[in-house]
Protein chains: 2
Amino acid sequence: MIIAIDAMGGDHAPESTAAGALAAAAEWSDLTIQLVGEESKLAPLIGAGLPNLHIVHAGEVISGEDEPVKAVRRKKDASMVVAGRMVKEGLADAMISAGNTGALMTTGLLVVGRMNGVERPALAPMIPTLDESGQGTLALDLGANMDAKPEHLAQYALMGSLYREKVHGIQRPRVGLLNVGTEPGKGNELTKAAYPLIAELPINFVGNVEARDILDGVCDVLVCDGFAGNILLKALEGTAGAVFKLLKQELTSSFKAKIGAALVMPQLRGLKSKMDYKEHGGAPLLGLNGLVIKAHGSSDAEAIKNAVRQARTAIEHRLVPSISASMEHVNQQISGKRVTDQ
Amino acid sequence: MIIAIDAMGGDHAPESTAAGALAAAAEWSDLTIQLVGEESKLAPLIGAGLPNLHIVHAGEVISGEDEPVKAVRRKKDASMVVAGRMVKEGLADAMISAGNTGALMTTGLLVVGRMNGVERPALAPMIPTLDESGQGTLALDLGANMDAKPEHLAQYALMGSLYREKVHGIQRPRVGLLNVGTEPGKGNELTKAAYPLIAELPINFVGNVEARDILDGVCDVLVCDGFAGNILLKALEGTAGAVFKLLKQELTSSFKAKIGAALVMPQLRGLKSKMDYKEHGGAPLLGLNGLVIKAHGSSDAEAIKNAVRQARTAIEHRLVPSISASMEHVNQQISGKRVTDQ
């Protein structure tokens with residue numbers, strides 16, 4: 001298994017990516033890691049190195065400020081683009097980047113390429129949940145596609161279900177459709193049209209789920225369009241942030257409260273880290289001709305190593321070929337249903 | 001000023017509505033309160049009564065389980081429908097109900113009637129904010145209209161702005177458009193098309209606002225379609241609920257934490273009530289030929305009295321005529337713009 005890492009992407013790159021690559025190469029001898037970036041910077045960071053860790057030189061870098069489409073089209077020698085090309089050409093089974101999210105999605109689309117039958121690749125981060133298992137839910141799409149068609153949501157449902165099964169080992173993952181009520185027939189035009197399509201897929205569809213129940217862990221996969229997903233994710237983040245901020249203020253408002261606060265601080269910290277979606281691994285870009293994983297921009301070496309673990313599990317369980325095979329089957333079904341309905 | 005109260009709607013009706021009506025009639029001698037419902041039940045609750053409080057008999061009741069449209073059409077003598085008819089016929093300036101939300105919106109549409117030029121009346125509850133002023137934001141639409149057109153969002157913006165100005169006395173209320181980023185040009189097809197329409201209105205449009213910033217009080221009016229608004233509101237509710245639940249668990253997880261928890265309990269309760277949207281008054285239904293206020297289903301006498309206060313302020317400041325006059329002006333502008341664009 002060969003995994004390409006964009007060594008230059010992320011707030012702490014290339015130190016974090018080099019250290020993460022070293023740790024991963026040391027842990028998994030069945031992997032070959034291709035660290036893609038400026039050789040003169042990477043060589044000293046790797047030092048003596050490891051036999052299964054190589055540097056692939058790439059002379060350019062896409063920054064966080066770069067306009068995604070323009071950057072990917074013009075900087076053909078950027079570390080991110082080179083890593084994408086390696087996946088496209090079969091020189092790597094997966095790529096990982098902690099760089100510019102928009103540029104990575106563009107690299108996925110323009111360099112790695114869409115899977116046959118998938119109109120819209122989806123970005124699928126984990127949303128933390130606060131139930132006892134605390135496994136989180138994989139939400140898709142949370143990418144650049146703000147508007148979706150019912151068929152797109154059905155494809156997201158299928159891809160998300162396969163990801164949870166293959167990468168997280170969940171048997172029959174519960175797939176929910178983000179909606180305004182749990183009864184079938186609820187929703188806007190999009191979700192009302194998507195519901196019957198998803199219901200016919202060979203997955204464990206648990207129906208509509210409401211935003212207020214997500215944190216209770218009602219589903220393993222949450223299907224939504226990019227707009228609604230963004231509103232949901234930012235509302236979760238914002239509320240958690242605001243509550244903790246206010247809690248901090250309130251807990252230092254009196255002497256008595258300060259003493260109490262000191263006693264409960266470990267519990268508060270634990271709770272805060274449970275709500276931190278940054279701690280929940282990299283987000284796969286699903287629906288491409290290869291595996292692309294977006295690691296968080298603030299990733300440290302440990303986070304990069306975790307993203308490698310994710311990629312390794314996905315490759316081992318043949319995630320991309322599985323999605324491709326199922327997609328073909330399902331697209332026939334959807335187009336068949338449309339013909340029947342007319 | 002005459003205000004009709006649906007005496008039979010709400011979890012604690014008719015005791016809560018009768019007590020609220022009594023308190024309001026006692027406080028404001030410039031008001032006449034018409035308490036609409038089953039006379040035999042209401043008379044004993046009112047006792048000697050007050051000169052500005054009257055019972056209007058209505059023999060039927062719409063329950064929480066009733067199917068809204070069917071109930072409003074068939075139960076012509078229901079307290080809610082009779083109150084709506086009084087507004088329609090000019091026998092009351094406003095109506096208040098804590099009953100079935102869907103039925104009240106149907107009563108608004110079918111009995112009270114839409115304002116000329118308004119395609120979609122909007123339900124506009126307050127979302128609590130956690131900033132220092134803690135004034136909250138008026139969000140609309142959070143009603144039954146899941147899908148909206150750009151013109152609808154522009155009308156919501158205008159109506160919300162006038163409501164905040166007239167009823168809450170906010171000069172130049174800050175109106176924000178719920179979106180996935182703050183830059184103009186961000187969003188889905190709907191918000192991208194709505195943005196320039198709202199920008200041309202004679203209001204204080206502060207542009208796009210993100211879900212994570214709502215609780216910080218970035219705007220006084222939040223414009224959204226019913227679907228996105230529902231996702232937002234339920235995510236806020238759900239996160240706050242989940243955080244408090246988990247906090248409770250964590251704070252009783254050890255002896256030391258229990259002592260700390262006891263010391264900080266008053267602060268936690270204060271925080272929880274700040275997050276409780278039920279405490280933030282009734283939600284107006286805007287865009288009708290009269291004022292309709294939805295009080296929360298769990299309203300007690302105090303909440304009913306507060307809804308009367310809201311209605312009184314709105315009538316005093318001529319909210320409905322103001323909306324009607326502005327709407328005419330703005331609709332000309334929007335249709336003018338469309339002609340120019342073509």
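Analyst: What follows covers the contact between the chains, then helix packing inside each chain, then a few backbone details.

The model is predicted, and every value below is computed from it. Across the interface, 48 residues of chain B are in contact with 48 residues of chain A. The size of an interface is often given as the accessible area lost when the parts come together. For chain B and chain A, the area buried between them is about 4400 Å², and carbon and sulfur atoms account for 72% of it.

The polar part of the interface can be counted as well. Four salt bridges link chain B and chain A. One salt bridge pairs the side chains of B:Lys234 and A:Glu210, with an N to O distance of 2.2 Å. Counting residue pairs in polar contact, with both residues at pLDDT 80 or more, gives eight between chain B and chain A.

On the side of chain B that touches chain A, the elements giving two or more residues are strand 8 (174–179), helix 7 (189–199), helix 8 (226–250) and helix 9 (255–274) of chain B. Helix 8 of chain B gives the most to this side, with 18 residues. By class, the residues on the side of chain B that touches chain A are 26 nonpolar, eleven polar and eleven charged.

Now to packing inside the chains. Two packed helices are described by the angle between their axes and the distance between the axes. In chain B, the axes of helix 6 (residues 150–168) and helix 10 (residues 301–316) come within 8 Å and cross at roughly 100°. An angle from 65 to 115 degrees counts as roughly perpendicular, so helix 6 of chain B and helix 10 of chain B are roughly perpendicular to each other. Helix 6 of chain B makes this contact through B:Tyr163, B:Lys166 and B:Val167, and helix 10 of chain B through B:Gln310, B:Thr313 and B:Ala314. The contact has three nonpolar, two polar and one charged residues.

In chain A, helix 6 and helix 10 (residues 301–316) pack at an angle of about 100°, with their axes 8 Å apart. Helix 6 of chain A is therefore roughly perpendicular to helix 10 of chain A. Here A:Tyr163, A:Lys166 and A:Val167 in helix 6 of chain A meet A:Gln310, A:Thr313 and A:Ala314 in helix 10 of chain A. The residues of this chain A contact divide into three nonpolar, two polar and one charged.

The peptide bond joining A:Ala13 and A:Pro14 is cis, with omega about 0°. A:Pro14 sits in the loop between strand 1 (2–6) and helix 1 (15–27) of chain A. In chain B, a cis peptide bond runs from B:Leu140 to B:Asp141, with omega near 10°. B:Asp141 belongs to the loop between strand 7 (137–140) and helix 6 of chain B. A:Arg172 is not a glycine, yet its phi is positive at about 45°. The loop that holds A:Arg172 lies between helix 6 (150–168) and strand 8 (174–179) of chain A.

How values were computed:
Residues numbered from 1 in each chain as written. Chains lettered and ligands numbered in written order. Predicted model: local features only at pLDDT ≥ 70, side-chain atom pairs only at ≥ 80, totals over all residues. Heavy atoms only, no water. Contact = heavy atoms within 4.5 Å. Buried area = accessible area lost by both parts, 1.4 Å probe. Polar contact = N/O pair within 3.5 Å; in protein donor to acceptor, adjacent residues only side chain to side chain. Helix = DSSP H or I, 4+ residues; strand = E, 2+ residues; numbered from the N terminus. Nonpolar A, V, L, I, M, F, W, Y, C, P; charged D, E, K, R; others polar. Axes fitted to C-alpha atoms, helices over the stretch in contact; angles between N-to-C directions. Parallel < 35°, antiparallel > 145°, perpendicular 65-115°, else oblique.
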